[in-house]
Amino acid sequence: MTMTQTGKRTADDIRLRGSYDKEAAQYDALRYKSVEGRFFSNLELSVLRSWIPLGRGKKVLDMPAGTGRLSIALSESGATVVGTDISLNMLAEADAKATKDGAAHAHFVHGSGVQLPFPDN
């Protein structure tokens, strides 16, 4: 995604966000419900869990968070996981899944990698 220095979205930004907004409700079903999709998802989580120090008191940024698949799974360790994405509909799916799963350590905010919605530190 590209954004101007002032944070204004370009036409490409708007199209990209729109495409993810449109497919948010079916995103997981199309990618992670098949045998291959489940295999990839489990492999990805296994690798991330071995690379990222997780546990109570740790903080993780998941970007782009999409529907929260990784954020929710990684938050099971007790780490605080913040997922950010450009698509409000993807984030709504993520938030609904986190609520349903009782993922108290997974949080979601609207933003992009070009302009993070957090103060610098």
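Biologist: In this predicted model, in what order do the three strands of the open sheet stand, and is their pairing parallel or antiparallel?

Modeller: The order is β1-β2-β3, and the pairing is parallel.

Biologist: Why are β1 and β3 said to stand at the edges?

Modeller: Strand β1 (59-62) and strand β3 (106-110) each have a single partner strand, so one side of each is left without a neighbour in the sheet. From one strand to the next, the twist averages 20 degrees.

Biologist: How do you know that β2 and β3 pair?

Modeller: Two strands pair if at least two bridges are found between them. Five bridges join β2 (residues 80-85) to β3, and therefore the two count as paired. Within this pairing, V81 stands opposite A106 in β3.

Biologist: Which helix lies across β2 and β3?

Modeller: Helix α5 (residues 88-101) does, running at about 165 degrees to β3.

Biologist: What span is expected of helix α1, and what span does it reach?

Modeller: Helix α1 (residues 11-23) has 13 residues, for which 18 Å is expected at 1.5 Å a residue. The helix reaches 19 Å from its first C-alpha to its last, which is close to that value.

Biologist: What makes the buried residues of α1 line one face of the helix?

Modeller: The buried residues are D13, R17 and D21. Seen down the axis of α1, they fall within an arc of 65 degrees, so they line one face. Their cover includes α5 and β3.

Biologist: Which exposed residues does the face of α1 turned away from its buried side carry?

Modeller: That face carries R15 and K22. Each is called exposed because its relative accessible area is over 50%.

Definitions and conventions
Residues numbered from 1 in each chain as written. Predicted model: local features only at pLDDT ≥ 70, side-chain atom pairs only at ≥ 80, totals over all residues. Heavy atoms only, no water. Helix = DSSP H or I, 4+ residues; strand = E, 2+ residues; numbered from the N terminus. Axes fitted to C-alpha atoms, helices over the stretch in contact; angles between N-to-C directions. Contact = heavy atoms within 4.5 Å. Expected span 1.5 Å × (residues − 1). Buried < 20%, exposed > 50% of the residue type's maximum accessible area, 1.4 Å probe, protein only. Arc of directions from axis to C-beta.
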